[in-house]
Structure formats: structure tokens, C-alpha cells
Amino acid sequence: MWRAVKKYARLFREFIRTCIVEEMEYRAHFVSNVFMSMLLLALSVLTVQLYFYRAPSIGNWTFDQVMILLGVFQALQGCIDFYLQPNMNRLVQHIRKGTLDYILTKPVDSMFFCSFRHLVLWRLVDVAGGFALVGYGLWHGSIPVTVWQWFLFVLLFLTAVAILYALWMAMMMFSFWAVKVDNLSYLFQSLFETARVPMSVYRGIVLVVLMPMACLTTFPAAALVNKLHSQDVLIMLGLAVGMLVSARWLWNYALRHYTSASS
Amino acid sequence: MIDVKDLTKHYKVHVRESGLRAALKSLVNRKFRDVRAVDGISFQIAEGEMVGFLGPNGAGKTTTMKLLTGLLHPTSGELRVGGFVPFKQSNEFKRNISLVMGQKSQLIWDLPASETFEVHRAIYEIDDRSFKKQRDGLVELLQLQAVIDKPVRQLSLGERMKCELAASLLHQPKLVFLDEPTIGLDVHMQEAVRQFIQAYNQEFKATILLTSHYMTDVSALCERVMVINRGHLLYDGKISELISRFAPNKRLTLQFAPGSAEMQADDGPWSTWGDVRVVRVEGLVVELEVSREAMSDVVQRVLSQLPIQDFTVEDPSLEDVIGQAFNVETSKREDDFHFNGHGADDGDDW
């Protein structure tokens, strides 16, 4: 067990190293992208500010609380762009071109390899920006946070990352059968966009549909602003475990039915 | 090393006719049919052997290769490779094999090949000493000194292929699968790659399985060949025997001296010589097919009776032999022709 952990830690370091070397090839790309994500963050803050000119709250959340939520959203978005988006699109490529064969004949867990081989490191700037926004919200609204709340926040944030991963993975696995599913990631992206606002905004059937997405941002933020119910934590944890297990199962199932592209 | 018994692999492929209407129809109502890509193949391969797979496109070569590497689950049959069941995909098994596909690259495109080597070192958990030794050995053998530190995108196809080979052999696999390793390379590079494969086989006693479109690859490297067509194993044995079995005749080409009368196919003097068949007549060049036994006799007559300027005696090319073998064998097998449609499927390689 310990050996396996060491092996995968070493492999992960190697992936990071190659990604840094690869990134060096395109420096201008790096600078323009960081600038771009800063701009987008500022824009989303502005949108919220505009809204609050006319209303005192969104779904019972004050301006500062929404800022925290937006920060969580931004950080999660950063995680998606850091490792989900780049790897999943490549998985589709691997399947279409048959280069998945190379990965499958290597003595590594293929799901691990396909999930972490490509990392877009500068996207961690978005994650940092998101957390900075959380910090700003807490400071601006002078919201007190206990150690226990911090703990819940970290726990729920990691759970959200896990759920996102499982969801995205499950979706991309359709490409084993449908082969070309690039568009699904746009669908996923627009669904995730709905998590910009607190869950309490949504009602009825819309709530049911968007519920999984909305709780990804609402619950971690709620932990900090004291709006969290204890059952929420259980829902999140249960959801994460269940979805990770199903994603793993689906991966193995897909591999058994993999037909490989012709050469 | 490899033990295969009654191996079969059936695919469901989706069929549709060409045209927009058919495309729309197939969106709603997909029709599938079974393709028996591999249909009851049995063979054994010993350690250290170099075996060539031959067969036309869509014959089942690649499918067999993918079954052996564990990429595909067999529909039925027994399959053991180095004591392992490939499709269980245990890491132990994968550490002992390597797959190289001439048409697909695994090198990191924007980086020098040496970076890919590093990734492979982590994947295969190669310790520093044996990594350095093996890498230097391969670089030497393939003469990659000037190449491994250039970004892969700047390499020629041949250089890239050599790097692919080096990257896949860093962990010293006991069993190497080469799927068309020389495709697209110029003659010089093909020869270099061939020599390397030969040297690698001798130095590391590795078992090597090879498919290729270039018959020269197979005839230069492998003593043993397997001919596969439509999922059936048609021949398994020595190349030399394959030739004498399916091509008992040699080719005799005659070049007549300028000024001599043009030859006619049926009334040439050879029509009375017995075991001789005319292949083609083109102006002053005549190609004859002569059985091996009759050859020396025929050559004597040619030299004494005909005004020739030059002549050559050749074995028919392996391509011709294989082609002939297929015609012979497939016509016998017409009854269990499994592609339910028409033969259009020969175009895609499984």
C-alpha cells in the first residue's frame, strides 16, 4: 500500500515536472492567460455588485456572503481548468486515435494516468484568486469563523472537488462508446455556471435538476457563513463516496468494452 | 512464452449505406452485424523467437496483437502470455511487455524525447543505475546522440520512430509487440530499424512479434511467419517453406537482343518445353514461370536456342506468394465466409 502511494506520488511529481517544462515552451500564452482570468474574476464581482444596487440580498444571502460563494465557485472552476478539462479532452483524443492503447499497456492505473497526466499549472492562479475572494468576503463583512467551521469548509471543498471529478469522468466515459463527446464538456460547463448563486435561489423542478451542481458551491460557503445544516455535510460526503465508487466502476466497465481504434 | 488456443474475437460493427438519407436513418435505427475478426486461432511462441504476422488489411493481425497485449477481451478461447492472462491487465504482466505502433506516437510532442524517457522511468519504476545503462545502450545502438534533446516535433519520421523504440524498451521488456514499425520510413531508415530489432532480439533474448506491410521486414527478420486472413490462421511455419509450398515456381525474365523478331505469347519456342507458363510478353521482354525442377533444363535451352541479351531468375516476391496463398486458401473456405456483407470490409484493419 505504502509502496503504491510512493509510486503514484513520484509519478504525480513527474507529471508536474513535464507540465512545467511544456509550459515553458509557451511563455506568452502563460502571461495572457493569467491576465484573462483576473479580468474574468473582476467582471463576475462587478455583476454581483450591480445586482446588489437593486436588492439587499440574493436568496437570503448578503453581499459579503455571496462574495464568499463566488470565491468558492472561482476556486472550483480553477480546479476544473487545472486538471479536469485538459485531461478529459485528451482522453477523448486518446480513444479516437487509439493512443489509449499505450496507456493501457503500461503498469500504472489507467484512470490515474488519464486523470492527471496533463496539468495546466497556471490555472492554480484562479484557485488562489477564488480563495482571496473568500478572504475578502470574510474581512469585508467581518464574519467570524471558528476552527470547526474552517475544518468543515476545507472538508466540503475537497468533497466538492471529488464530486466534480466523478461527474466529469462519468460524462467523458461516454466517449468509449460514442467516441466524439467534446460537446458534453460545454454542457457540463454551462450547468456548473448555475452554481454561481446560492442554491436557495432555485425553486421547484429547477432546484431538483441543478441541485447537485448548486450544492457544490453553496455548502462549502455555507460552512463559513453559518448557514450549514448538519445533514448537508452527510449529503455531500455520501454523494462524493457514491459517485467516486460509481466512476471507478464505470471506468472498469468501459475498459472491458473498449474496442480500440484501428491502426 | 505465448500460448493461444481457439482464440476468437467477435465485434459488433454498425453498418450503414452511404448517403445522407442513410446517415439520418442510422441515427435513429442502428443496424449491427457481427464481424469475426479472429476466429479460432491456435499457436505457440517460444521465448526468444521472432515471429512475423502477415495478412491483408482487415485480416485480424492487429486484433490478434491487441488480444495478446490485453487491450481486448477475447470472445472465447484460451490465452496465456508469459504465464499471465493478458486481459486481466496485471501490472506484473505489463512490466514485461511493450507495444510499439508505427502509426501512433507516444512521445510528448513539444518536448525532447529524453523527457518522455523520464516519464517512462517513473511509470516503470526503473532504478537510476539500470535506467542510465539501458538508456545509454539504446542511444548508442540507435545512434540517437544528436536527436534525443531536440523537441519531438522537429524530428524526421525516422528519427521519431527510433525514439519511440528507445522509449518503449527502457524497461527491458521480455516481449515486444511491433505493429508496423517501419511504416512510412525510407529504405535506409527501414534497414536501420530492422538491424536494431535484430540486435535487440539477440542481445536481450527478447521475444518479438512483428506485423508489417513491408514483406522485406518480415523476411529479413523472422524465420517463422504466421499468415492470417479473415480471422483464420492459414499458415504457421518457416518462410522458406511458405515459398516452396505456395510458390513452387520461379520467375525467368528474358531480354531479347534488339532487332530480333517480336515474340508472341503462345507460339514461342517454349510452348514445347513442357513445364513453362508465360506470364507476360512486352516487346522484347518475356516473363516465364518455370517449376524449380525444370529450371536448369529451360535455362540451357534458352541460352542455346534464343537470341537473348540478358536474363534473370528470381523467386516470386513474398507479396505474390501471399497473394497466391490467399487465393488458394480463401477459395477453399468460401463456405465459412463470415463477413455477412460484401467484401468491402477488407479496407479497415481490425
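In the predicted model, 35 residues of chain B are in contact with 32 residues of chain A, contact being heavy atoms within 4.5 Å. Residues are numbered from 1 along each chain as its sequence is written, chains are lettered from A in the order in which they are written, and side-chain values use heavy atoms, with hydrogens and water left out.

The size of an interface is often given as the accessible area lost when the parts come together. Here chains B and A bury about 3,100 Å² between them. This buried area is the accessible area (1.4 Å probe) that two parts lose on being put together, summed over both. Carbon and sulfur atoms account for 57% of it. On the chain B side, Leu71(B), Lys104(B) and Ile123(B) lose the most area to chain A. Together they make up 20% of what that side buries.

Five salt bridges cross the interface of chain B and chain A. The criterion is a side-chain nitrogen of Lys or Arg within 4 Å of a carboxyl oxygen of Asp or Glu. Asp101(A) and Lys66(B) form a salt bridge, with an N to O distance of 3.9 Å.

Chain B holds 11 helices and 13 strands. These are DSSP runs (helices H or I, at least four residues; strands E, at least two), numbered from the N terminus. Of the 350 residues in chain B, 51% are buried. Buried means under 20% relative accessible area, exposed over 50%, and partly exposed in between (1.4 Å probe, protein chains only). Among contacts in chain B between residues at least 6 apart in sequence, 72% join residues at least 24 apart. Chain B exposes about 16,600 Å², by the Shrake-Rupley method with a 1.4 Å probe; for residues, only the protein chains shown count as cover. Carbon and sulfur atoms supply 48% of that area.

In chain A, helix H10 spans residues 204-224 and includes Ile205(A). Ile205(A) is exposed, at 66% relative accessible area. With Val206(A), Val208(A) and Val209(A), Ile205(A) makes a nonpolar surface patch of about 400 Å². Patches are made of residues with over 30% relative accessible area and no salt bridge; like charges are joined within 9 Å, and nonpolar side chains (Val, Leu, Ile, Met, Phe, Trp, Tyr) within 5 Å.

The whole structure has zero disulfides, defined as cysteine sulfur pairs within 2.5 Å. For Cys19(A), the nearest cysteine sulfur is that of Cys114(A), 14 Å away. Cys19(A) is buried, at 4% relative accessibility. Cys114(A) is likewise in no disulfide and is buried, at 5%.

Definitions and conventions
Predicted model: local features only at pLDDT ≥ 70, side-chain atom pairs only at ≥ 80, totals over all residues.
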